[in-house]
Amino acid sequence: MSALETLDRVELCGSLLKWIQTFAVEAPCSAVDEMTSGVAMAQVLQKIDGMYFTDAWISRIKPDVGDNWRLKISNLKKILKGILDYNHEVLGQQISDFTLPDVSLIAEHSDSAELGRMLQLILGCAVNCEQKQGVCVCVCVIVCVCVIVCSAFRGDIAAALNILIGQNNP
């Protein structure tokens, strides 16, 4: 990955972090290092589709991992598997033209580019789920506010959506 692509991925991650915060989950989710445990991501997934990401599913995510990167990797692997299974079982989609995130880099090094990939997958679940109307309205409100505040943010969300929409249209 070139330096420019990495910079774009880092900016995308920052924009998606702002989007994640709109879910108002209990776990901290305002910075990359707060996301590396996977707890906030799991809580967001449960808000996206609580019928699939049940309390039983979320109970498998260890909340108190501290700096233990092995436990973080375990959580992130469960979340990634949950996302992939959700796409296949509920949305009827295979994620094949998308580079999956390296959960080791997220857990060990708080890698923003890889976290951005993971958050893109969560965004894909949100915009394709049954309750997508509410999620899409939220994304549109964020985009409109950010047009006023920061045009770069709007471009990041648009790029993420274009990647996901392009992935879902054969």
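Reply: This is a predicted model. Take Cys 13, which is found in helix H1.

Me: Is Cys 13 buried or exposed?

Reply: The general idea is a cut-off on relative accessible area: under 20% means buried. Cys 13 has 1% relative accessibility, so this residue counts as buried.

Me: Which residues is Cys 13 in contact with, leaving aside its neighbours within four places in sequence?

Reply: The contacts of Cys 13 on that basis are Val 32, Ser 112, Leu 115, Gly 116 and Leu 119. Sequence distance and spatial distance are two separate things to read. Cys 13 and Met 118 are 105 residues apart in sequence, and their C-alpha atoms are 9.1 Å apart in space.

Me: What is Met 118 in contact with, beyond its neighbours within four places in sequence?

Reply: Met 118 is in contact with Met 41, Leu 76, Ile 79, Leu 80, Ile 83, Pro 101, Val 103 and Ile 106. Met 118 is also among the residues with the most contacts inside the largest nonpolar core, as are Met 41 and Ile 79.

Me: How many residues does the largest nonpolar core have, and which elements give two or more residues to it?

Reply: The largest nonpolar core has 45 residues. Helices H1, H2, H3, H4, H5, H6 and H7 each give two or more residues to this core. H7 gives the most, with nine residues.

Me: Which side chain does Asp 49 join through a polar contact?

Reply: The side chain of Asp 49 is joined to that of Tyr 86 by a polar contact of 3.0 Å. Asp 49 lies in the loop between H3 and H4, and at 10% relative accessibility Asp 49 counts as buried. Not counting residues up to four places away in sequence, Asp 49 touches Tyr 86 and Val 90.

Me: How many aromatic pairs are there, and how do I read one?

Reply: The count comes to five aromatic pairs. To read a pair, look at the distance between ring centres and the angle between planes; over 60 degrees counts as edge-to-face. The rings of Trp 19 and Phe 23 have centres 5.1 Å apart and planes at 90°, so this pair is edge-to-face. Phe 53 and Trp 57 are also edge-to-face, because their planes are at 65°, with centres 4.8 Å apart. Both Phe 53 and Trp 57 are buried. Ring pairs link Tyr 52, Phe 53, Trp 57 and Tyr 86 into a cluster.

Me: What about backbone angles?

Reply: Ala 24 has a positive phi of about 50° although it is not a glycine. Ala 24 lies in the loop between H1 and H2. Ser 110 has a positive phi of about 50° and is not a glycine either; Ser 110 lies in the loop between H6 and H7.

Me: How exposed are Ala 24 and Ser 110?

Reply: Ala 24 is exposed, with a relative accessible area of 58%. Ser 110 is partly exposed, with a relative accessible area of 27%.

Methods
Residues numbered from 1 in each chain as written. Predicted model: local features only at pLDDT ≥ 70, side-chain atom pairs only at ≥ 80, totals over all residues. Heavy atoms only, no water. Core = buried A, V, L, I, M, F, W, Y, C linked by side-chain atoms within 4.5 Å. Buried < 20%, exposed > 50% of the residue type's maximum accessible area, 1.4 Å probe, protein only. Helix = DSSP H or I, 4+ residues; strand = E, 2+ residues; numbered from the N terminus. Contact = heavy atoms within 4.5 Å. Polar contact = N/O pair within 3.5 Å; in protein donor to acceptor, adjacent residues only side chain to side chain. Phe/Tyr/Trp six-rings, centres within 6.5 Å; stacked < 30°, edge-to-face > 60°.
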